[in-house]
Amino acid sequence: MASKTVEAVLFPGIDVRVERVSDASNVLVVAVSTIRPGRCPDCRKQARRTHSSYQRDLDERPLGSHRVIVRLRVRRYFCDRKSCSRKTFVEQVPGLSERHRRSSTGLAGWLRSIAIELGGRPAARLCRRLRLVAGRTRLLRLLTAPTAPDRAPRVLGVDEFAFRKGCTYGTVLVDVEAGRVVDVLPDRTSETFAAWLTKHPGAEIICRDRATAYTKAVKEAAPHALEVADRWHLLQNLSAAVEKTCHQHRDCLRKRAEEAVTEVPEPPSMLLPPAELPRTQILERTCHRYEDIHRLPEKRWTISATARRLNLDRKTVRRFRDTDLDELLASARERRPNGVLEPFKAYLNVRLTEAQGQVSGSRLFLEIQARGYLGSRQVVRKHLAALRSGTAAPVRADIPSPRKITSWIMRPRETLTESQNERLLQVRLACPDITRACDLARTFADMVRHQRGYLLLEWIRQAEQDAPKPMKGFAGFLRQDLDAVTAGLTLPWSSGAVEGHVNRVKTLKRAMYGRASFELLRIQILTRP
């Protein structure tokens, strides 16, 4: 095997000559530049006269477990062009040195890669392990954002992400064809996005969700671009309309479920206190919140002011303002967990009534324990005490939740099990409005999955004629954004790549513990693959 020189091992392809290597606690390499006289960095004139020379120390990548320091002798040259403001300049060795930098080009590349992957403090900890001299501030200074292209990509994807959810948001712009981020904006306003589109023309197709700010910016700054509504967001909005329909018709489901239950022979009557609504914590909170929210608008408080006063989200305030109290209380009761005693409450109610209340809680506990009850004795005693005082909640019929019904409707038919199909059939038989919403939702989902945008207008007409109110509202929103929705149901483009990058942004944001500035977060988004 042919032997190699020290220069070929330490500095392959670099014009330097090694004069001496000393090995102590650190490896010191003394080298001299052998490149031809350089050019002036201002006027680019070739240098002819040497002014002086001096030594500069550069940190190099470690050699084994030893730190390497390169003591490089470089020359200073005169600039002989009289019109140039620079009189002298120092030569730089390509691949080894750069202006105002005390580390070699190779080491700076290592540190930059570590900073891109880990950030500040984690990168500094790794550098200490690798015997690299670099603090967190030095590492972060090495990060520079790549310049945005002069022209926007042909297929541009745009979506928002949260700096702080519910408070501040940014915008990520993605080249959908290449699947990479092209730029990050500090907010989600239409003015900022319109200014970016004006500065970077060239977008022919813009994939977006249904945010009105982005629509306004596109119509203002890129009126000839084709807008494409994202299919996933359309299905999400449809799912919300179906779930709201199921919420509004819970009584239909409960009525049919109660009728289907086999009637138990009427036990002898027992004198119990009249039943009343159980005062649970969630019901009390719902009532108080309903009163507070309705009291403030009467004093001409806006939704935002009411939300700030009560420390609530604006969507919560709007829901309590526009929904009846009975529906809110029913929804609150639905959210209560069933618990391990729920399947045995009907049996306990019948046994207590048959015995005219003259039965001990311990005996009933043993009876339901033999039937599979796994809970504690105290839970049974509390329920019996509530029955005797008339404050026990009525035994609810076993009906599926609106969210579960929605999942059955929105999933393809072939993915449902036999029992799920049977339960969905019972739901359809119980309520014609849910049946109509189910038919419309499945038709729309089929249009989305098979990209049959030419059927959209006819679907909207049918939904506006005889659909439940939430489905009519969804159809009205589609009509307002008809061109973009039709394009989304026809063209192969969507915001899938954009959503993937939004998830990546969330990961980067969490890794920085929320302390990074926008500029640093933007650099991380644009530089990390």
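## Lining of the largest cavity

In this predicted model, the largest cavity is lined by D59, E60, R61, P62, R67, V68, L107, R131, L132 and V133; a cavity is a set of points on a 1 Å grid over the protein atoms alone where a 1.4 Å probe fits but cannot get out, and lining residues have an atom within 4 Å of a point. Strands β3 (50–63) and β4 (66–78) each supply at least two of the lining residues, and β3 gives the most, with four; strands are DSSP runs of E with at least two residues, helices runs of H or I with at least four, numbered from the N terminus.

The space in this cavity is about 50 Å³.

## Aromatic cluster

F161, F163 and F518 form one aromatic cluster, where rings of Phe, Tyr and Trp (its six-membered ring) pair if their centres lie within 6.5 Å, and planes over 60 degrees apart count as edge-to-face. The rings of F163 and F518 have centres 6.0 Å apart and planes at 85 degrees, so this pair is edge-to-face. The pair links F163 in strand β6 (residues 155–164) with F518 in helix α23 (residues 518–527), 355 residues apart.

## Basis of the values

Residues are numbered from 1 along each chain as its sequence is written, and side-chain values use heavy atoms, without hydrogens or water. Local features need pLDDT of at least 70 and side-chain atom pairs count only at pLDDT 80 or more, whereas totals for chains, interfaces and linings use all residues.

Terms used
On a 1 Å grid over the protein atoms alone, a cavity is a set of points where a 1.4 Å probe fits but cannot get out, and a pocket is an open set with protein on both sides within 12 Å along at least five of seven lines; lining residues have an atom within 4 Å of a point. Grid points are joined across faces, edges and corners, and a volume is the space filled by probe spheres set on the points. Rings of Phe, Tyr and Trp (its six-membered ring) pair if their centres lie within 6.5 Å; planes under 30 degrees apart count as stacked, over 60 as edge-to-face and the rest as tilted.
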